[in-house]
Amino acid sequence: QLQLVESGGGLVQPVGSLRLSCAASGLLFDQYAIGWFRQGPGKERVGVSCISSVGSSLSYADSAEDRFTISRDNAKNTVYLQMSSLKPEDAGVYYCAAKETYYSPNCGTAISFGYDYWGQGTQVTVSS
């Protein structure tokens, strides 16, 4: 069983930056791929970025490419999402999710990838 807790959200002005964290409790964190998802008001949950279990593969949605950076520290059971040049359309609740992939180099930014565990989310508001 894996539990995920997101943090780092808040209010930021356009073109500002935030770093989100996804802290996991449980065993074998380094066998889980992690994805970040965003859900805006009245919108579907969409994938933003993902990282494979040992960090060898990264993927970004087009909207996040060149502005967001995902990383992980398996010694701390934590995945980070550094967000820069934020836009109002980046606002929403950000969720991290985990899927046990063992040491596969795969991860997915689609919900259909089959993430098994989800956090409660952290709110990001981008407004002047």
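Buried means under 20% relative accessible area, exposed means over 50%, and partly exposed lies in between (1.4 Å probe, protein chains only). Strands are DSSP runs of E with at least two residues, numbered from the N terminus.

This is a predicted model, in which local features need pLDDT of at least 70, side-chain atom pairs count only at pLDDT 80 or more, and totals for chains, interfaces and linings use all residues. Residues are numbered from 1 along each chain as its sequence is written, and side-chain values use heavy atoms, with hydrogens and water left out.

β7 pairs with β8 in the antiparallel sense, over 6 bridges. Two strands pair if DSSP finds at least two bridges between them. Thr69 stands opposite Gln82 in β8. The hairpin has 4 residues between its strands, and Asn77 there takes a positive phi near 55°.

**Cores**

A nonpolar core is a set of buried Ala, Val, Leu, Ile, Met, Phe, Trp, Tyr and Cys residues joined through side-chain atoms within 4.5 Å. The largest one has 28 residues. Trp36, Phe68, Leu81, Met83 and Tyr94 touch the most other members. Strands β3 (18–25), β4 (32–39), β5, β7 (68–73), β8 (78–83), β9 (92–100) and β11 (122–126) each supply at least two residues of this core. β3 gives the most, with 4 residues.

Leaving out residues up to four places away in sequence, Tyr94 touches Glu6, Leu20, Trp36, Phe37, Arg38, Val48, Phe68, Leu81, Met83, Gly121, Thr122 and Val124. A second, separate core has 6 residues, including Phe37, Cys50, Ala97 and Tyr115.

**Ser49**

Ser49 sits in strand β5 (residues 45–51). Ser49 counts as buried because its relative accessibility is 0%. A polar atom of the Ser49 side chain lies 2.9 Å from the backbone oxygen of Ser59. Beyond its neighbours within four places in sequence, Ser49 is in contact with Ile34, Gly35, Trp36, Ser59, Tyr60, Ile70, Leu81 and Thr109.

**Disulfides**

A disulfide is a covalent bond between the sulfur atoms of two cysteines. Here the criterion is a pair of cysteine sulfur atoms within 2.5 Å. The count comes to 2 disulfides.

| Pair | S to S distance | S-S torsion |
|---|---|---|
| Cys22 and Cys96 | 2.1 Å | about 70° |
| Cys50 and Cys107 | 2.0 Å | 55° |

With a torsion of about 70°, the Cys22 and Cys96 link is right-handed. The pair links distant parts of the chain: Cys22 is in strand β3 and Cys96 in strand β9, 74 residues apart. Cys22 is buried, at 0% relative accessible area. Cys96 is buried, with a value of 0%.

The link of Cys50 and Cys107 is right-handed. Cys50 lies in strand β5 and Cys107 in the loop between β9 and β10 (117–118), so this pair ties together parts that are 57 residues apart in sequence. Cys50 is buried, at 0% relative accessibility. Cys107 is buried, with a relative accessible area of 18%. With the bonded cysteines numbered in sequence order, the pairing is 1-3, 2-4.

**Salt bridge**

How many salt bridges are there? The count comes to 1. The rule asks for a side-chain nitrogen of Lys or Arg within 4 Å of a carboxyl oxygen of Asp or Glu. The side chains of Arg67 and Asp90 meet that rule at 2.7 Å, N to O. Arg67 lies in the loop between β6 (58–60) and β7, and Asp90 in the loop between β8 and β9, 23 residues apart. Arg67 is buried, with a relative accessible area of 13%. Asp90 is buried, with a relative accessible area of 2%.

**Positive phi in loops**

Most residues other than glycine have a negative phi. Val15 has a positive phi, near 70°. Val15 is found in the loop between β2 (10–12) and β3. Val15 is exposed, with a relative accessible area of 68%. Tyr102 has a positive phi, near 60°. Tyr102 is found in the loop between β9 and β10.

Definitions and conventions
Polar contact = N/O pair within 3.5 Å; in protein donor to acceptor, adjacent residues only side chain to side chain. Contact = heavy atoms within 4.5 Å.
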